[in-house]
Amino acid sequence: MDRICPTFIGFDVNYRNEIAFIAHWSRLAACLSEDPELFFPISPHGPGQMQHELAKAVCRRCPVRRQCLDYALSTHQMHGVWGGTSPDERAAVLATARQGADASM
């Protein structure tokens with residue numbers, strides 16, 4: 001079985017083409033050789049802050065960081081470090097995008 005990005009764990013969608021696309025880019029992810037738990041710290045603050053920063057450091061050297069972030073944003077990932085961002089950072093991006101969409105209506 002092919003190994004895919006650890007952050008792929010828990011992904012459950014019924015669209016085979018979407019799974020194929022995700023599996024394609026995730027095979028190039030820098031996180032493949034890392035412990036999946038690294039990307040899911042309990043908190044980005046306090047004791048989990050170091051783990052959070054280590055996960056982001058892996059993302060900074062990842063060739064598919066943008067694809068990972070796009071996936072996380074489009075599927076509203078609420079937990080973990082995806083594409084070098086925390087849940088709070090992704091929520092801010094989505095809120096900004098919503099505000100922009102509302103303004104253009």
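The largest cavity has a volume of about 80 Å³. The structure under description is a predicted model, and it holds 1 cavity of 30 Å³ or more. Two elements, α2 (49–60) and α3 (65–74), each give two or more residues to the lining of the largest cavity. In total, 13 residues line this space, and those that lie nearest its centre are C31, C59, C62, C68 and G83. By residue class, the lining of the largest cavity divides into 10 nonpolar residues, 2 polar residues and 1 charged residue.

The charged side chains were examined next. The structure holds 3 salt bridges. In one of them, the side chains of E34 and R61 meet at a distance of 3.1 Å, taken from N to O. E34 is placed in the loop between α1 (16–26) and α2, while R61 is placed in the loop between α2 and α3; the pair therefore ties together parts that are 27 residues apart in sequence. With a relative accessible area of 22%, E34 is partly exposed, because buried means under 20% and exposed over 50%.

A salt bridge is also formed between K56 and E89, whose closest N and O atoms are 2.9 Å apart. Here both partners belong to helices: K56 lies in helix α2 and E89 in helix α4 (residues 87–103), so that this contact ties together parts 33 residues apart in sequence. K56 is buried, its relative accessible area being 12%, whereas E89, at 34% relative accessibility, counts as partly exposed. The value for K56 falls in the buried class because that class covers relative accessible areas under 20%.

A further salt bridge joins R66 to D70, with 3.2 Å between the closest N and O atoms. Both R66 and D70 lie in helix α3, and they are separated by 4 residues, about one turn of the helix. Helix α3 is also one of the elements that give two or more residues to the lining of the largest cavity. R66 has a relative accessibility of 53% and counts as exposed, since the exposed class begins over 50%.

Taken by location, the E34 and R61 pair connects two loops, the K56 and E89 pair connects helices α2 and α4, and the R66 and D70 pair lies within helix α3.

Methods: Residues are numbered from 1 along each chain as its sequence is written. This is a predicted model: local features need pLDDT of at least 70, side-chain atom pairs count only at pLDDT 80 or more; totals for chains, interfaces and linings use all residues. Side-chain values use heavy atoms; hydrogens and water are left out. On a 1 Å grid over the protein atoms alone, a cavity is a set of points where a 1.4 Å probe fits but cannot get out, and a pocket is an open set with protein on both sides within 12 Å along at least five of seven lines; lining residues have an atom within 4 Å of a point. Grid points are joined across faces, edges and corners, and a volume is the space filled by probe spheres set on the points. Ala, Val, Leu, Ile, Met, Phe, Trp, Tyr, Cys and Pro count as nonpolar, Asp, Glu, Lys and Arg as charged, and the others, Gly among them, as polar. A salt bridge is a side-chain nitrogen of Lys or Arg within 4 Å of a carboxyl oxygen of Asp or Glu. Buried means under 20% relative accessible area, exposed over 50%, partly exposed in between (1.4 Å probe, protein chains only).
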